[in-house]
Amino acid sequence: MILLKPDDDLYPDAWRKLESGRPEFCWFQGHPMTPSPRVGIVGARAAPPRVRRNVLIYARQCVEAGETVVSGGAVGV
């Protein structure tokens with residue numbers, strides 16, 4: 001896992017320009033600036049186990065297909 005803060009070289013430039021405020025820090029697994037298609041995964045914090053398993057399978061399939069999975073990192077989906 002990689003922790004990035006706004007003063008780090010790898011911190012995405014586009015985030016520095018966000019009008020609504022940039023994230024104070026971000027965690028990445030892998031390289032954060034990989035030039036690949038991205039898919040966002042968003043869901044309920046109280047998702048049932050079956051849904052969480054299905055999301056994990058889907059996320060793995062996305063990564064295996066060369067996509068970058070983006071998530072807010074909250075507990076749940």
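In this predicted model, the count of disulfides is zero. A disulfide requires a pair of cysteine sulfur atoms within 2.5 Å, and by that rule no pair in the structure is counted. Cys26 is buried, with a relative accessibility of 10%. Cys62 is buried as well, at 3% relative accessibility.

**Fold and surface**

The chain contains two helices and four strands. Along the sequence these elements follow the pattern β-α-β-β-α-β. Of the 77 residues in the chain, 18% are buried. The accessible surface amounts to about 6,100 Å², and carbon and sulfur atoms account for 56% of that surface. Contacts between residues at least 6 apart in sequence include a share of 51% that join residues at least 24 apart.

**Pairs within the chain**

The structure has one salt bridge, formed by Asp13 and Arg16. The closest N and O atoms of this pair are 2.7 Å apart. Asp13 and Arg16 both belong to helix 1, which covers residues 13–16, and because they are three residues apart there, about one helical turn separates them. Arg16 is partly exposed, with 30% relative accessibility.

There is also one aromatic pair in the structure. Tyr11 and Trp15 make up this pair, with an edge-to-face arrangement: the centres are 5.6 Å apart and the planes are at 80°. The pair counts as edge-to-face because the angle of 80° between the planes is over 60 degrees. Tyr11 is buried, at 1% relative accessible area, whereas Trp15 is partly exposed, at 26%.

Ser36 sits in the loop between strand 2 (26–28) and strand 3 (38–40). Ser36 is buried because its relative accessible area of 13% is under 20%. Its side chain makes a polar contact of 2.5 Å with the side chain of Thr68. Apart from neighbours within four places in sequence, Ser36 is in contact with Gly66, Glu67 and Thr68.

**Accessibility of the residues discussed**

| Residue | Relative accessible area | Class |
|---|---|---|
| Tyr11 | 1% | buried |
| Trp15 | 26% | partly exposed |
| Arg16 | 30% | partly exposed |
| Cys26 | 10% | buried |
| Ser36 | 13% | buried |
| Cys62 | 3% | buried |

Notes. Residues numbered from 1 in each chain as written. Predicted model: local features only at pLDDT ≥ 70, side-chain atom pairs only at ≥ 80, totals over all residues. Heavy atoms only, no water. Salt bridge = Lys/Arg side-chain N within 4 Å of Asp/Glu carboxyl O. Buried < 20%, exposed > 50% of the residue type's maximum accessible area, 1.4 Å probe, protein only. Polar contact = N/O pair within 3.5 Å; in protein donor to acceptor, adjacent residues only side chain to side chain. Contact = heavy atoms within 4.5 Å. Phe/Tyr/Trp six-rings, centres within 6.5 Å; stacked < 30°, edge-to-face > 60°. Areas by Shrake-Rupley, 256 points an atom, 1.4 Å probe, with all protein chains shown as cover.
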